[in-house]
Amino acid sequence: MGDGSASAFRRVLFHGALPPDLAAELPALSIRAEPFRPDAWTLEADEVGLVLAGAELSGALAQAPPAELGRAADRIGLLQRGDRLEGLEAFWGARLFFSLPEDTPATHVLRAILALFRVLEERTRAAADRRSLLERTQETRALVEVGIALSAETNREELLETILTRARRLTAADAGSLYLVWPPEAPDSLRFVLAQNDSVKFQFAETILPLDPSSIAGFVAQTGSVVNLPDAHDVSLQAPYRFDPDFDRRYGYRTESILAVPMTTPDARTIGVLQLINRKRRVLPDVATTGFVRPEVVPFDEGNEEIARALAAQAAVAVENRRLTESIRTLFEGFVEASVTAIEQRDPTTSGHSHRVAALTCALARAADRATDGPYASFRVSKDELRELRYAAVLHDFGKVGVREQVLVKARKLFPGARDLLRSRFDQAILSAAAEIWCSAARGNGADGAAAELARRREQLERAWEIVERLDEPNLLASDLLEEIESLSSLTYRDVDGRETPLVPEPEISCLAIPMGSLTPGEREQIQSHVTQTFRFLSKIPWTRDLARVPDWAYAHHEKLDGSGYPRHLEAQRIPVPVRMLTICDIFDALAARDRPYKKAVPGHEAIAILSAQAQRGAVDPDLLRIFVGAEVWKTP
């Protein structure tokens, strides 16, 4: 009101003269009458304007029963408390008009005044109900939207930011903080993971707090109770917790109202605390000072508690789901590592190959994503696709666990056991020749030349063994050795039973005649079968949608664009870009990484030259190879 003496009054403005008898009765009803001067009259922050004018209501108001008059003071008193009724501010500035003749009896005027207040009261209540319904609808919609946003968010940091930001927005909190119990399996502390404040700027640093009731957050986390403090500096002495004013002192802030609620999972585990600070309400200014709306810190009410608890429950589910997702991912990473370890233990010579190929392939994908010209200028790879590609690359040789180990690690054309057995035959042939020569000499058939003949036969067999050793190397078969293979196939010796037997049997002859490498056609098929085995093994894993292509990509890593690859002889249009990347990186690492028993490692530039030759004949993607070389992907550690 305008002055202190009239603080108990509501102003009623009349259009026309006020009868003396009614003027005498108004003070008893806490009503102060003033002339109607629209040019001078203004509403103040705690006033409701009522202007009596307009003839359309007079007839209905005149019918008010006399008993209503006794409740006039009560009704007016209700309106005096209206500034605490939600929705009343919607009527500030609203004016209700009706007119009465100047000679209207005082009782009729009083009834009119009473009815006017009743109309305003009912409209205020209706407005409050509508506003409450609208707010609840908006809150429900906001909580649904928050739930959707939380379920869709996969990044942990952004998830926590979303939780705190939405909670502050829904409760009009100026600041807030978020705590998580740690470790999740056996909590013994609180991690202060996030803080926000609209009023001051500060550098946040994550800290660890004890999980005990000495702090507000610790008390809430330990007991699962809600703490709602109208004034953080006025905590009951019976409470086990105290407010820590350190932040206020450091940044000149003033913490007043605090609402802290537990983040509780459906199985009743508290996994964190959501703390909201300084709820702010906008209030209309005193028109004598300023025309701007000013914020005012007020306590959090029951509605805020309900919203905060609902949001905290949603947040708890979202955080727990995120933790479970991370646990599953960690578990799967462990499975992948165990799988690679199993492969490398069966074939130690390729140790590290799978991880190196994965690193090269991902580096090539990122380089292609950065390309600004050429066929891959529009190529883009997402974080999830990069993870999918990495798994395919790491597991591309997983099927080798199904290949016989002696074939998998075969370093020469002859298996070690077959080579030893063949050497024993040569030793047996030397002994057999010596026995035959000395028996002949004992019968008087050239004893003087027996030693020379034995030396000749021994030299012949040792020279044949040298040929075997040369042929056993997994090098490209030289043309001058083809005749030597024929000569080996004609050599015989007498076994322990005295029977004449081929010195180098046909199976060994076939192995020694391998034109390149160390594998026979049958053994090569066994090695190549690892691709199919990989696909079969990986297809049994229930991959999530974002990793669904891992088996197919790993299955195709030995395919070539010209159809010369295996096992399905796919051509270019059926080979996805990620697989083309994997193929280039797999070939490069196989050539350049390290010595293997069946081949020597080649320098990086020679490996690139071999890949370039394959690109020229259409086996690998030349554009990806140019990116591989230009971005120096091949130097990836």
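## Helix packing: α9 and α20

Helix axes here are lines fitted to C-alpha atoms over the stretch in contact, and angles run from 0 to 180 degrees between N-to-C directions. In this predicted model, helix α9 (residues 353-369) packs against α20 at about 100°, and the two axes lie 10 Å apart. Angles from 65 to 115 degrees count as roughly perpendicular, so α9 is roughly perpendicular to α20. On the α9 side, the contact is made by Leu364, Ala367 and Ala368. On the α20 side, Leu624, Ile627 and Phe628 make it.

Phenylalanine 628 belongs to helix α20, which covers residues 622-630. Is phenylalanine 628 buried or exposed? Its relative accessible area is 0%, so phenylalanine 628 is buried. Leaving aside neighbours within four places in sequence, phenylalanine 628 contacts Leu364, Ile584, Cys585, Phe588, Val633 and Trp634. Isoleucine 608 is 20 residues from phenylalanine 628 in sequence, and their C-alpha atoms are 9.3 Å apart.

## The chain overall

The chain holds 20 helices and twelve strands. It has 637 residues, and 43% of them count as buried. The accessible surface is about 33,200 Å². Carbon and sulfur atoms account for 54% of that surface.

Take the contacts between residues at least 6 apart in sequence: 65% of them join residues at least 24 apart.

## Aromatic pairs

A pair of aromatic rings is described by the distance of the centres and the angle of the planes. The chain has 17 aromatic pairs. In one of them, the ring centres of phenylalanine 398 and phenylalanine 537 are 5.5 Å apart. Their planes stand at 75°, so this pair is edge-to-face. The pair links distant parts of the chain, 139 residues apart. Phenylalanine 398 lies in the loop between α10 (383-394) and α11 (405-408), while phenylalanine 537 lies in helix α16 (residues 521-539). Phenylalanine 398 is buried at 13% relative accessibility. Phenylalanine 537 is partly exposed at 29%.

A further pair joins phenylalanine 535 and tyrosine 555. This one is stacked, with 4.3 Å from centre to centre and 20° between the planes. Phenylalanine 535 is in helix α16, tyrosine 555 is in helix α17 (residues 550-555), and the two are 20 residues apart. Phenylalanine 535 is partly exposed, with a relative accessible area of 24%. Tyrosine 555, at 12%, counts as buried, because the limit is under 20%.

## Cluster and charges over rings

Which residues form one aromatic cluster? The members are Phe332, Phe335, Tyr391, Phe398, Phe537 and Trp543.

The charged end of lysine 410 sits over the ring of phenylalanine 415, at 4.5 Å from the ring centre. The charged end of arginine 423 sits over the ring of tryptophan 465, at 5.0 Å from the centre.

Serine 177 is part of strand β4, residues 173-182. Its relative accessibility is 3%, so serine 177 counts as buried. What does serine 177 touch, not counting residues up to four places away in sequence? The contacts are Leu164, Phe192, Leu194, Ala195, Val273, Leu274 and Gln275.

Key:
Residues are numbered from 1 along each chain as its sequence is written. This is a predicted model: local features need pLDDT of at least 70, side-chain atom pairs count only at pLDDT 80 or more; totals for chains, interfaces and linings use all residues. Side-chain values use heavy atoms; hydrogens and water are left out. Helices (H or I, at least four residues) and strands (E, at least two) are DSSP runs, numbered from the N terminus. Buried means under 20% relative accessible area, exposed over 50%, partly exposed in between (1.4 Å probe, protein chains only). Contact means heavy atoms within 4.5 Å. Accessible areas come from the Shrake-Rupley method with a 1.4 Å probe; for residues, only the protein chains shown count as cover. Rings of Phe, Tyr and Trp (its six-membered ring) pair if their centres lie within 6.5 Å; planes under 30 degrees apart count as stacked, over 60 as edge-to-face and the rest as tilted. A charge sits over a ring if NZ of Lys or CZ of Arg is within 6 Å of the ring centre and within 35 degrees of the ring normal. Angles under 35 degrees count as roughly parallel, over 145 as roughly antiparallel, 65 to 115 as roughly perpendicular and the rest as oblique.
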